Each structure stands twice: as C-alpha cells, then as structure tokens.
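Subject: Structure handover

Hello,

Here is the structure you asked for. My notes on it follow below.

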Amino acid sequence: MKTNEKEIVTLKRSLLFDTEKKLNKQIEMEGKSSAYYLSMASWADMKGFTHSAQFLYDHAEEERQHMLKLFRYINDAGGHAVQPEINGIRHNFNSLREVFELILEHEIEVTKSINLIVDHCFVIKDFATFSFMQWYVTEQREEETLARRALELFDIIGEEGVGLWTIDQELGKLHSTVEEIK
Ligand SMILES: [Fe+2]
Ligand SMILES: [Fe+2]
C-alpha cells in the first residue's frame with residue numbers, strides 16, 4: 001500500500017516526521033527546565049533557603065516527568081524520542097528573587113514553545129497530538145501562576161529583616177497555596 005507523505009496515520013506510525021522533530025525539541029526544553037530547576041534548588045540549598053530548595057527540587061522532578069510523558073507519546077506513535085544534550089545551565093544566582101524572576105521568564109518561553117506546537121498540530125490536522133498537548137497548555141498556565149505568586153511574596157512581605165526568612169517559609173508552601181485558590 002502506497003501512503004501519502006502527508007498522511008499522519010500510516011501502518012508504521014501515527015506522527016509526521018516534522019511533528020516528531022518539534023516534540024523532540026520540546027523534550028529538550030523540558031529536560032533543560034528540569035536541569036535548570038535542579039541547579040536553582042542546589043543554589044538555594046547552599047544558601048540556606050531550605051524551603052525554596054525543596055520546592056525547586058520537587059519541581060525539577062516534575063519537569064522530568066513532563067519530559068518522560070513526551071518520550072512515551074513519541075515512541076508509542078512509532079517515532080523515536082531522543083535524550084537531549086543538556087548544557088549551558090547556570091549555577092549561580094544573585095538573589096532568591098532573581099531565581100523566581102528567571103523561573104517566570106523561563107516558563108513563559110516554555111508556554112510560547114508549546115503554543116507553537118499546538119498551532120502546528122491544528123494546521124496539519126493532527127488531532128491526537130493536538131489533544132495530547134492540551135495537558136501541557138493547562139500545566140503551563142499553572143506554572144506561570146506559581147511563578148507569579150512567588151514573586152508577589154517578595155513584594156508583599158519585603159526582604160528586609162526577617163522578610164527573606166518568611167518568604168522562604170511561604171515559598172515552601174506555594175504548591176498547596178496555588179492548589180487551594182484554584
Ligand atoms: Fe514543563
Ligand atoms: Fe515548567
């Protein structure tokens with residue numbers, strides 16, 4: 001049976017090569033996110049921000065799960081998920097606030113990247129991948145909210161005196177706080 005190159009579902013696979021390439025790029029982004037959060041966690045730990053460190057360690061693990069979800073999707077569809085090269089991860093930061101500012105900037109970049117994949121899937125009518133990616137769309141909205149809430153803590157509490165200590169305590173509770181107000 002001769003199949004059209006543009007046919008998404010064939011006997012061997014249900015993913016266009018172009019889409020597979022885009023999903024592998026997203027794997028790289030999630031892998032980098034995981035490494036970035038881990039590096040931030042270690043810095044926070046070293047500086048004595050133990051609650052923030054725990055939040056960041058946990059988040060590094062979450063990002064790894066985001067990456068693995070894509071691994072399974074690509075391979076289940078007959079493609080080949082590729083372990084990305086991870087380099088250029090920053091290890092030192094100027095302040096705890098800077099860490100969370102960088103997180104927000106980074107998460108916005110991830111959202112843009114996911115939106116491009118969703119748009120691509122819509123255009124080529126790959127509705128299975130379009131549907132699969134909706135999980136990431138929702139997840140990104142939550143992650144941006146987390147980062148924004150974190151930065152608000154610095155503004156509301158202030159960093160003077162025991163401020164930074166209190167902010168660290170509150171950052172440790174961030175996951176449950178955002179869950180509660182949802
Ligand atoms: Fe992610
Ligand atoms: Fe993320």
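Start at the metal pair. Glu-63 bridges the iron ion (ligand 1) and the iron ion (ligand 2), and the two ions lie 3.3 Å apart. This is a predicted model, in which local features need pLDDT of at least 70, side-chain atom pairs count only at pLDDT 80 or more, and totals for chains, interfaces and linings use all residues. Residues are numbered from 1 along each chain as its sequence is written, chains are lettered from A and ligands numbered from 1 in the order in which they are written, and side-chain values use heavy atoms, with hydrogens and water left out.

**The iron sites**

Take the iron ion (ligand 1) first. Its protein donors are Glu-30 (OE), Glu-63 (OE) and His-66 (ND1), at 2.1 to 2.2 Å. Donors here are N, O and S atoms within 2.8 Å of the metal (3.2 Å for Na, K and Ca); water is not among the atoms, so sites may look incomplete. Along the chain, the donors of the iron ion (ligand 1) are spaced E-x32-E-x2-H. Glu-30 sits in helix H1 (residues 17-46) and His-66 in helix H2, so this pair links distant parts of the chain, 36 residues apart. Helices are DSSP runs of H or I with at least four residues, strands are runs of E with at least two, and both are numbered from the N terminus. Both Glu-30 and His-66 are buried. Buried means under 20% relative accessible area, exposed means over 50%, and partly exposed is in between (1.4 Å probe, protein chains only).

Now the iron ion (ligand 2). Glu-63 (OE), Glu-107 (OE), Glu-107 (OE) and Glu-143 (OE) coordinate it at 1.8 to 2.5 Å. The sequence spacing of the donor residues is E-x43-E-x35-E.

Why is the arrangement around the iron ion (ligand 2) irregular? Its 4 donor atoms subtend angles of 54 to 153°. Four donors count as tetrahedral if all angles lie between 85 and 135 degrees; four count as square planar and six as octahedral if opposite donors are over 155 degrees apart and all others between 65 and 115; anything else is irregular. Glu-63 lies in helix H2 (residues 50-76) and Glu-143 in helix H4 (residues 127-157), so the pair ties together parts that are 80 residues apart in sequence. Glu-63 is buried, at 1% relative accessible area. Glu-143 is buried too, at 3%.

**The overall fold**

The protein has 6 helices and 0 strands. Its pattern along the sequence is α-α-α-α-α-α. The C-alpha trace spans about 75 × 35 × 20 Å along its principal axes. Of the 182 residues, 44% are buried.

**Helix packing**

Two helix pairs deserve a look. The axes of H1 and H2 come within 8 Å and cross at roughly 165°. Axes are lines fitted to C-alpha atoms, for helices over the stretch in contact, and angles run from 0 to 180 degrees between N-to-C directions. H1 and H2 are therefore roughly antiparallel. The cut-offs are under 35 degrees for roughly parallel, over 145 for roughly antiparallel, 65 to 115 for roughly perpendicular, and oblique for the rest. H1 passes H2 in a left-handed crossing. Left-handed means that the near helix is turned anticlockwise from the far one by less than a right angle; clockwise is right-handed. The contact of H1 with H2 has 16 nonpolar, 10 polar and 5 charged residues. Ala, Val, Leu, Ile, Met, Phe, Trp, Tyr, Cys and Pro count as nonpolar, Asp, Glu, Lys and Arg as charged, and the others, Gly among them, as polar.

Next, H3 and H4. Their axes come within 9 Å and cross at roughly 160°. H3 and H4 are therefore roughly antiparallel. Their crossing is left-handed. The contact of H3 with H4 divides into 19 nonpolar, 4 polar and 7 charged residues.

**Single residues**

Lys-125 is in the loop between helix H3 (96-124) and H4. Its phi is near 65°, a positive value in a residue other than glycine. Most residues other than glycine have a negative phi. Lys-125 is exposed, at 56% relative accessible area.

Gln-54 is in helix H2. Gln-54 is partly exposed, at 43%. The C-alpha atoms of Gln-54 and Leu-171 are separated by 9.3 Å, and the two residues are 117 residues apart along the chain.

Val-110 belongs to helix H3 and is buried, at 1%.

Best wishes
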